[in-house]
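Here is a short briefing to read alongside the model.

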Amino acid sequence: MIDYTLLQQINLPADLKKLDRSQLLLLCEQLRQYLLESVSKSSGHLASGLGVVELTVALHYVFDAPFDQLIWDVGHQAYPHKILTGRREQMKTIRQKDGLHPFPWREESEYDVLSVGHSSTSISAGLGIALAAQKEGKNRKTICVIGDGAITAGMAFEAINHAGSLHPDMLVILNDNEMSISENVGGLSKHFARLMTAPCYTHLREQSKKVLANLPPIKEFIKKTEEHIKGFVSPVGTMFEQLGFNYIGPIDGHNVEELIATLSNMKKRTGPQFLHIKTKKGKGYAPAEKDPIRYHGVPKFDHKCHELPKSSVPMPTYSKIFGDWLCEIAAQDPKLIAITPAMREGSGMVEFSQQFPAQFFDAAIAEQHAVTLAAGFAIAGMHPVVAIYSTFLQRAYDQVIHDIAIQKLPVLLAIDRAGIVGADGPTHQGTFDLSFLRCIPNLIIMTPSNENECRQMLYTGYKCGQPAAVRYPRGNAIGVALQPLTLLPIGVAYEYRQGENIAILNFGTLLPSVKIVAEKLNATVVDMRFVKPLDTAKIDELVKTHSLLVSVEENSIRGGAGSAVGEYLLAKQYSAKLLTIGVPDIFVPQGSQAEMLAEMRLDVAGIEAQIREFVQAEN
């Protein structure tokens, strides 16, 4: 039985402050072990949280949340924060239907200042919160914790640049778990971090500036001396200093005593502060330290065995189907360029990046840049493919319009995680892409119903010579045999079954459920394949022999594929009725994909019930 005696005393951060500093090391050990044990039983994000245990303890020991406002960027690393803020016993429910949210969530706790899920938002929101706190005049502190991956996004630097010019009281903590610190400067980093945050140093610096204000040459010398000392500690600090922040670090992010000493000193300072800490992702659990990518998000597993379970599902994921297709095309076309905004593993591109490294570009967490980078490659005569999650494509919407579609550039958007994704919740459900893409001129939009269709549509989009998008879901394919690559006729649907009165128009991978419903209702089934251009000839044909058309899609009903069908029926003044089935006008909550499909009435029972209810109401 694991001893959590100390951790069990911490129900809120106020309890943490009652501990003596000598007890904090043991608390960190128990917190790390509890995190490992709970996540291994529930599934969820693991390696990120293991890496910030000491930082989380230090932050809640020094600052007074929720009065002081602590913002976690993205939120993968916020599990220890949840444990220390009254949610310890609920950790077994994390990412499950009606359980704890996988990220900081305002509705869940007063300690969660900003609801997050996508990266690089913390500093922008933190700036607004800090400026409001300044007007409030209650000496409320604002702290933003951002990872070295998230800070690569332009939005983070835009916020840093703005904050530096406004001089608010806020602290940005860079959790750097990739770059190493060389041993010969590690000790100096620690020494200067303490020196530069100590009250005596702060007082001396501020007083010297006042005394020497009328002696420009000496004043400039003092300023330059300070900058050179900091630059010696960490050259990257010079950049943040130039942007208006007081830079401290890098320091050891796993030394809780050092963190508390540095944070305590920084708490007393005014103006924008920047603390650079070095951590190890997966800290304290050897398999996660060795392979933090695999242990970033984990299924349920036995942590004592030090091994994640092997998948028992023989079917490949749609992401792997895409990755294999990339390799197949690259072997034939040296002009293929594959781009991803930091989703190499998730998008199935690991093998491609290894086989064709000169044709692979990871743009980091910078979706806008990734899309316009593709535009540049297309202008130069290359053949770019952008692999991007549906919800992350939202962040590059203007670039799709301005840099690709208006210029009719042949860029293929391979949109992964389209539709309901499950346990990551509202921020990651890909239920809007058909709606926000459908209104863009010059763009072809395809919705494959299985893995073979996905391959053929990727190939068609790649070869069509204009902007194209193929959207496919998270998870495993259904076992359809893969055929040799051939070009599909653009905008042509495929009829699977002839029935009477009711015609179901399918858009995407809900086709197996649609077929089952059609058998029960003796309905016609048409796999529409293309959302844009729509197969209007097929619709013209169906309305002559059917009184009801039913569109089915794993996308928001508002503005989706069914809306496109409705617009056409209205324009032609057809008398056939239309029922649109899809995701209602809500943000889909967390839960398994199967649970959420059932809740949205997009499983077999739900689709059948919606059609029967509509027919009964009409009669």
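The lining of the largest cavity draws at least two residues from each of β3 (142–147), β4 (170–176) and α12 (256–267). Helices (H or I, at least four residues) and strands (E, at least two) are DSSP runs, numbered from the N terminus. The model is predicted, so local features need pLDDT of at least 70 and side-chain atom pairs count only at pLDDT 80 or more, while totals for chains, interfaces and linings use all residues. Residues are numbered from 1 along each chain as its sequence is written, and side-chain values use heavy atoms, with hydrogens and water left out.

**Cavities**

- Rolling a probe the size of a water molecule over the atoms shows where empty space is left.
- A cavity here is a set of points, on a 1 Å grid over the protein atoms alone, where a 1.4 Å probe fits but cannot get out; lining residues have an atom within 4 Å of a point.
- Grid points are joined across faces, edges and corners, and a volume is the space filled by probe spheres set on the points.
- The count comes to 4 cavities of 30 Å³ or more.
- The largest cavity has a volume of about 80 Å³, and its lining includes Phe-63, Lys-141, Asp-169, Met-170, Met-266 and Arg-269.
- By class, that lining divides into 5 nonpolar, 3 polar and 4 charged residues. Ala, Val, Leu, Ile, Met, Phe, Trp, Tyr, Cys and Pro count as nonpolar, Asp, Glu, Lys and Arg as charged, and the others, Gly among them, as polar.
- The second largest cavity holds about 60 Å³ of space; among the residues lining it are Ala-418, Pro-448, Arg-471, Tyr-472, Phe-507 and Glu-554.
- The lining of the second largest cavity has 5 nonpolar, 3 polar and 2 charged residues.

- How many residues of strand β11 (residues 412–416) are buried? The count is 5 of the 5, so the strand is largely enclosed by the rest of the structure. Buried means under 20% relative accessible area, exposed over 50% and partly exposed in between (1.4 Å probe, protein chains only).
- In a regular strand the side chains alternate between the two faces of the sheet.
- On one side of β11, Leu-412, Ala-414 and Asp-416 are buried, and on the other Leu-413 and Ile-415 are buried, so both faces are covered.
- Strand β10 (residues 383–389) runs parallel to β11 and is joined to it by 5 bridges; Ile-388 has Ile-415 of β11 as its bridge partner. Two strands pair if DSSP finds at least two bridges between them.
- Strand β13 (residues 468–471) also runs parallel to β11, with 4 bridges joining the two, and Ala-469 of β13 is the bridge partner of Leu-413.

**Backbone features to check**

- Most residues other than glycine have a negative phi, and most peptide bonds are trans.
- A cis peptide bond joins Ala-65 and Pro-66, with omega about 5 degrees. Pro-66 sits in the loop between α4 (53–62) and β2 (69–72).
- From Lys-532 to Pro-533 the peptide bond is cis, with omega near 0 degrees. Pro-533 belongs to the loop between β17 (530–532) and α22 (536–545).
- Asp-98, not a glycine, has a positive phi of about 65 degrees. Asp-98 lies in the loop between α5 (79–87) and α6 (122–136) and counts as exposed at 72% relative accessibility.
- Asn-501 has a positive phi near 70 degrees. Asn-501 is in strand β15 (residues 501–507) and counts as partly exposed, at 48% relative accessibility.

Terms used. On a 1 Å grid over the protein atoms alone, a cavity is a set of points where a 1.4 Å probe fits but cannot get out, and a pocket is an open set with protein on both sides within 12 Å along at least five of seven lines; lining residues have an atom within 4 Å of a point.
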